[in-house]
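Happy to walk through this one with you. Have a look at the fold below, and we will take it piece by piece.

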Amino acid sequence: MYIAIINIHGLVRSNNIEMGRDADTGGQTRYVIDLVKELSTREDVEVDLFTRKIGDKRLSNDYNKAIEQIADNARIVRLPCGGVKYIRKERLWPHLDEYVDNLIEFFRSEKRVPDIIHGHYSDGGYVATEIASYFHTPLVFTGHSLGRNKFEYLKSIGLSEERIEDYYTMSTRIAHEERTIRKADMVITSTNYEREELYSSYENRVLDRFVVIPPGLDLEKFFPYYHYEIQDPSITEEQKLAQFNMMKELQRFFTVPEKPLIMALCRPEARKNIDVLIDIYGKNKDLQAIANLAIFAGIRDDINSMEEGEKQVLTDMLLLMDRYDLYGKMAIPKHHNPERDVPELYRIAAMKRGVFVSAAALENFGLTFIEASAVGLPFIGTDKGGVQDIRKNCDSGVLVDITNEKAIHDSIHKILTDADLWDKLSRHGVERIREVYNWKAHCDTYLEHLGRVLTEHRNKKTPDARYERSMAKRMSTLKYLLVSDIDNTLTGDDKAIEDLKKLLEEYHETVGFGIATGRSVDSAKEILEQHGFPKPDVLITSVGSEVYYGENLIADKGWSHYIRRRWHPERIREALDRIEGLELQPQEDTQRAFKVSYNVKNPDSIEDLMEEIRRALESTKSSWHIVLSHNRYLDILPYRASKGTAVKYIAWKWHIDLKSVITAGDSGNDADMLIKPLKGIVVNNHEESLETLRKQKHIYFAEHSYAGGVIEGLRKFKVFPS
């Protein structure tokens with residue numbers, strides 16, 4: 001099974017993850033890396049983790065490597081979008097279509113398509129949805145956090161909707177989450193709370209497609225604190241040094257470093273409520289008397305250089321420390337290594353019989369609670385969210401109403417002063433985390449569900465799915481595929497049409513028949529039936545903007561998804577309707593979802609008119625290209641839509657060698673499907689504009705016109721015998 005995992009944002013590398021360096025490099029980053037590492041141990045799996053290629057001088061060059069090999073069957077693949085500088089996730093949306101294009105090209109260059117696409121977070125979900133639609137691949141989605149919930153939280157703390165939209169691009173995020181949830185074959189959550197509650201506000205939630213798979217933890221790294229006391233020989237010198245350095249760092253802050261630790265570890269975000277914990281500690285002398293407070297809020301060099309939200313949180317922390325005069329009792333270290341130091345910080349707190357506290361009002365999952373429990377450090381957290389599952393599974397901490405400061409104070413005091421309670425919670429954490437939250441169990445369940453999704457996808461009973469399978473079987477038997485224009489290429493000589501029809505029927509088993517035309521699908525079908533042509537295998541219609549298959553005219557939705565990006569037909573019509581020299585063609589038949597068509601009133605002044613048209617189109621902020629036929633008919637299409645691109649897409653999708661595809665045409669708008677590596681036939685009755693292609697060795701200029709020229713070309717390329 002080849003799995004493609006899409007995790008666009010943050011700083012992604014296989015080792016020394018810079019957890020907490022910014023708001024985008026946190027638990028999600030750690031999860032996808034650990035998932036890929038565990039999958040790499042399976043002989044029946046290949047996995048690629050796709051992320052963004054970053055060449056920012058402020059960051060390690062690791063993030064600029066195109067391929068990072070994790071194991072023989074696992075890689076991190078970095079593809080560019082939006083330039084080389086680091087971009088926070090909320091500002092990546094305008095660049096994701098570029099990423100999709102580069103990912104499609106990557107799969108083409110690898111000559112393979114994933115069996116499963118798994119998107120993480122809303123941005124990875126968007127990319128995964130686009131790729132799944134293009135390749136007709138099963139789609140899996142993990143949200144990690146959700147836009148609707150964050151939107152409500154941000155409003156609750158006083159942010160205006162305008163400010164939320166400006167900073168978080170929230171409407172875009174939510175819209176794409178809804179779309180991904182609707183299209184996903186499976187949605188994975190970490191907890192039942194996430195499945196039942198957090199997704200409940202999403203219109204497209206279908207619980208039958210949701211599965212709960214608790215994530216794992218690197219248990220070799222998060223070993224129990226008492227292994228130091230029994231001198232476990234497996235503890236490395238690097239780990240011992242990390243613990244020594246962290247203890248030394250904490251001692252800089254504390255007057256009495258021997259006291260137990262109240263520890264917090266999180267990113268400097270307002271929703272983590274770090275100020276609430278400092279307030280409780282600062283107001284209560286009894287806590288100050290029995291414990292020190294250590295807060296690890298990300299990694300920083302200069303607060304002034306940080307994002308505005310992070311800067312505000314850290315500034316508030318320092319002001320609270322000063323207000324309550326917590327010098328000598330409170331530590332706010334600037335640096336720690338997320339890979340090496342974090343497990344040691346938990347163990348130091350456990351050795352001092354301390355407690356881990358998170359004051360966040362809601363935790364979707366709560367990775368830090370699992371990490372703390374695994375080393376034997378009891379926790380205190382919110383009674384809302386995914387941490388409820390951890391408490392139920394492990395009984396290694398206490399849940400409280402985070403809005404009740406007295407409840408938080410009392411729980412901290414109780415755990416620090418009740419030795420029996422501390423011992424029970426610590427023991428439960430060490431034992432039960434290893435039973436429930438291990439990577440082997442996680443991946444066993446994950447792969448079992450992926451196998452089920454893949455089987456269901458392959459056995460779908462819908463008409464589209466049935467045709468997909470029959471089409472794949474048909475295409476696998478072909479030696480050649482003919483794709484021809486209709487008007488004045490196939491038509492124009494009735495005797496030649498009869499000859500071509502006989503040949504297509506005679507060689508039906510090995511030669512596929514396709515058409516590529518400016519006509520609509522209904523018009524194309526009508527003219528082919530008039531002349532008695534066999535049913536085409538493929539129909540490329542409306543100047544390459546639509547693709548259909550077989551007698552049932554099954555639309556290729558992947559093609560539609562591919563060409564629709566940055567396509568705004570209403571803007572195009574509004575801009576071109578103002579031009580005097582154009583007349584909008586009648587709606588019926590000519591105007592299509594991906595084609596806007598006009599008649600040119602005066603072909604003699606075409607050069608000046610085309611310049612005016614281009615200026616008008618540039619004002620639409622759309623992506624487009626122009627097809628002008630006979631200086632009379634103007635079609636505006638999405639920038640990706642053309643006959644030639646559609647032919648290549650079909651060949652790629654159905655695993656047809658491009659050198660086995662023969663195209664035929666007579667006019668300038670056929671030119672792009674006559675380019676290498678396709679073999680091209682130009683019939684004798686062609687337009688003058690195609691003469692520029694005459695010296696191309698892969699193109700045959702026939703001596704016969706119309707269908708006779710097509711037959712002549714097919715014989716030349718040895719599709720039919722001479």
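This is a predicted model: local features need pLDDT of at least 70, side-chain atom pairs count only at pLDDT 80 or more; totals for chains, interfaces and linings use all residues.

Q: In which direction do E1 and strand E2 (residues 46-52) run, parallel or antiparallel?
A: Five bridges join E1 to strand E2, which covers residues 46-52. One of the residues to look at is Ile-3, with its bridge partner Val-47 in E2. The direction of the two strands is parallel.

Q: Which are the edge strands of the open sheet of eight strands?
A: The order of this sheet is E3-E4-E2-E1-E5-E6-E7-E8, and its pairing is mixed. An edge strand here pairs on one side only. The two strands that do so are strand E3 (67-71) and strand E8 (210-212).

Q: What is the average twist in that eight-stranded sheet, from one strand to the next?
A: The sheet is an open one, with mixed pairing. Going from one strand to the next, its twist averages 20°.

Q: What angle does the direction of H1 make with that of E2?
A: H1 packs on the sheet, where it touches E1, E2, E3, strand E4 (74-79) and strand E5 (116-120). Taking the direction of H1 against that of E2, the angle is about 155°.

Q: Which strands does H3 touch as it packs on the sheet?
A: The direction of H3 makes about 155° with that of E5.

Q: Is H2 parallel or oblique to H3?
A: Helix H2 (residues 96-110) packs with helix H3 (residues 121-135), their axes 10 Å apart and at an angle of about 45°. Angles under 35 degrees would count as roughly parallel, and 65 to 115 as roughly perpendicular. The angle therefore makes H2, relative to H3, oblique.

Q: What is the handedness of the crossing of H2 and H3, left-handed or right-handed?
A: Residues of H2 in the contact include Leu-96, Tyr-99, Leu-103 and Phe-107, and those of H3 include Tyr-126, Val-127, Ile-131 and Tyr-134. Where H2 passes H3, the crossing is right-handed.

Q: Is Ser-14 buried or exposed?
A: Ser-14 lies in the loop between strand E1 (2-6) and helix H1 (27-39). Its contacts beyond four places in sequence are Ile-33, Lys-37, Glu-68, Ile-70 and Ile-76. The relative accessibility of Ser-14 is 7%, and the cut-off for a buried residue is under 20%. Ser-14 therefore counts as buried.

Q: What is the relative accessible area of His-442?
A: His-442 lies in helix H17 (residues 439-458). Leaving out residues up to four places away in sequence, it touches Tyr-31, Leu-35, Ile-213, Pro-214, Pro-215 and Gly-216. His-442 is buried, and its relative accessible area is 2%.

Q: Which residues does Ser-411 contact, leaving aside its neighbours within four places in sequence?
A: Ser-411 has its place in helix H15 (residues 405-417). With a relative accessible area of 12%, Ser-411 is buried. Its contacts are Ile-380, Val-398 and Val-400.

Q: Why is one side of strand E20 (582-584) and of strand E22 (624-629) left without a neighbour in the sheet?
A: Four strands form an open sheet in the order E20-E21-E23-E22, with antiparallel pairing. E20 and E22 stand at the edges of this sheet, so each has a single partner strand.

Q: How many bridges join E22 to strand E23 (residues 633-638)?
A: E22 and E23 run antiparallel. Along this pair, Ser-629 stands opposite Tyr-633 in E23. The number of bridges joining the two strands is six.

Q: Which strands does helix H24 (residues 606-618) touch?
A: H24 packs on the sheet, and its direction makes about 160° with that of E22. The strands it touches are E20, E21, E22 and E23.

Q: What share of the residues in the protein is buried?
A: The protein has 26 helices and 26 strands. Its C-alpha trace spans about 100 × 55 × 40 Å along the principal axes. Of the 722 residues, the buried share is 58%.

Key. Residues are numbered from 1 along each chain as its sequence is written. Side-chain values use heavy atoms; hydrogens and water are left out. Two strands pair if DSSP finds at least two bridges between them. Contact means heavy atoms within 4.5 Å. Axes are lines fitted to C-alpha atoms, for helices over the stretch in contact, and angles run from 0 to 180 degrees between N-to-C directions. Buried means under 20% relative accessible area, exposed over 50%, partly exposed in between (1.4 Å probe, protein chains only). Angles under 35 degrees count as roughly parallel, over 145 as roughly antiparallel, 65 to 115 as roughly perpendicular and the rest as oblique. A crossing is left-handed if the near helix is turned anticlockwise from the far one by less than a right angle, and right-handed if clockwise.
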